[in-house]
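These notebook entries record what I looked up in one structure, entry by entry. The sequence and the structure are placed below for reference.

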Amino acid sequence: GKVRTLLSVGQWVVWTEGQTPVAITDPYAGDFDSHIVMSPDGSRVLVARFLRPWEIICERRPDSDCSKRGPPVEGVIAAMHDLENGRLLWSIRATVSYSYEVPAPAISPDGRFALIALPPESARPLIALVGLEDGRIVQTIPSPGGYSAMGFVRGGQSVWTHAHGLTALYDVQPNRPQ
């Protein structure tokens, strides 16, 4: 019955109504392309990170020799942290070869599952349904494209995605093995 707020300002500041704000070290401080979302019970924070290899792309002269990419980047793309002490509960790592956009993650209303964007391995990016207890990917669904948004509806039984004027609705089956 109390309001709980999480601010990311170079560190995480957790404020619970009627209590003194608590500062927790943000392990991703300075990572301006990250998104955070608090679990419905306010006890954990899910972080979705945007890993980006360096690249130079000349859009006006695609025939020129100026389009270059750096080596793939490996690191954490999603992580769950305890909000009492900042402790890492689990993380998902990936290797990223191309830049891609990371939509804000979403957590189901019951706090059991989350949606995160996976780095594209092909032309069509994927969204992962992740178990919040252990970080296990239980199902993947296609994303309508980059610069997307996503969330849960119908009490967490369905997932919506939206990008470039296309909205898709998927029934998810989190108990089905992938």
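How many helices and how many strands are there in the chain? I counted 0 helices and 16 strands. I noted at the outset that I was working with a predicted model.

**Entry 1: the chain as a whole**

I looked up how much of the chain is buried and found that buried residues make up 43% of its 178 residues. The chain exposes about 10,100 Å², and carbon and sulfur atoms supply 51% of that area. I then turned to contacts between residues at least 6 apart in sequence; 41% of these join residues at least 24 apart.

**Entry 2: an open sheet**

I next examined an open sheet of 4 strands, whose order is β4-β5-β8-β9 and whose pairing is antiparallel. Its edge strands are β4 (35-38) and β9 (88-96), each of which pairs on one side only. From one strand to the next, the twist averages 20 degrees.

I reminded myself of a general point here: strands of a sheet pair through backbone hydrogen bonds, either parallel or antiparallel.

**Entry 3: strand β11**

Is strand β11 (residues 113-118) enclosed or open to the outside? I found that 6 of its 6 residues are buried, so β11 is largely enclosed by the rest of the structure. The cut-off I applied for buried is under 20% relative accessible area.

In a regular strand the side chains alternate between the two faces of the sheet.

I then looked up the partners of β11. Strand β10 (residues 106-107) runs antiparallel to β11 and is joined to it by 2 bridges, with A106 opposite L115. These two strands form a hairpin with 5 residues between them, and G111 in the turn has a positive phi of about 75 degrees. β12 also runs antiparallel to β11, joined by 6 bridges, and F113 stands opposite G131 of β12.

**Entry 4: strands β12 and β13**

I continued from β12 (residues 126-131) to β13 (residues 137-142), which pair in the antiparallel sense over 5 bridges. L126 stands opposite P142 of β13. The hairpin of β12 and β13 has 5 residues between the strands, and G135 takes a positive phi near 75 degrees there.

**Entry 5: the nonpolar cores**

Which residues have the most contacts inside the largest nonpolar core? They are L46, I77, W90, I92 and I116, in a core of 20 residues. β5, β8 (73-82), β9, β11 and β12 each give two or more residues to this core, and β9 gives the most, with 4 residues. Apart from this core lies another, of 11 residues, including A106, F113, M150 and F152.

I also listed the contacts of I92, leaving aside neighbours within four places in sequence: G75, V76, I77, A78, I116, V130, G135 and I137.

**Entry 6: residue T161**

Finally, I located T161 in strand β15 (residues 158-163). T161 has a relative accessible area of 0%; the value lies under the 20% cut-off, so T161 is buried. Beyond its neighbours within four places in sequence, T161 is in contact with I127, I141, P144, A149, M150, L166, T167, A168 and Y170.

Notes. Residues are numbered from 1 along each chain as its sequence is written. This is a predicted model: local features need pLDDT of at least 70, side-chain atom pairs count only at pLDDT 80 or more; totals for chains, interfaces and linings use all residues. Side-chain values use heavy atoms; hydrogens and water are left out. Two strands pair if DSSP finds at least two bridges between them. Buried means under 20% relative accessible area, exposed over 50%, partly exposed in between (1.4 Å probe, protein chains only). Contact means heavy atoms within 4.5 Å. Axes are lines fitted to C-alpha atoms, for helices over the stretch in contact, and angles run from 0 to 180 degrees between N-to-C directions. Accessible areas come from the Shrake-Rupley method with a 1.4 Å probe; for residues, only the protein chains shown count as cover. A nonpolar core is a set of buried Ala, Val, Leu, Ile, Met, Phe, Trp, Tyr and Cys residues joined through side-chain atoms within 4.5 Å.
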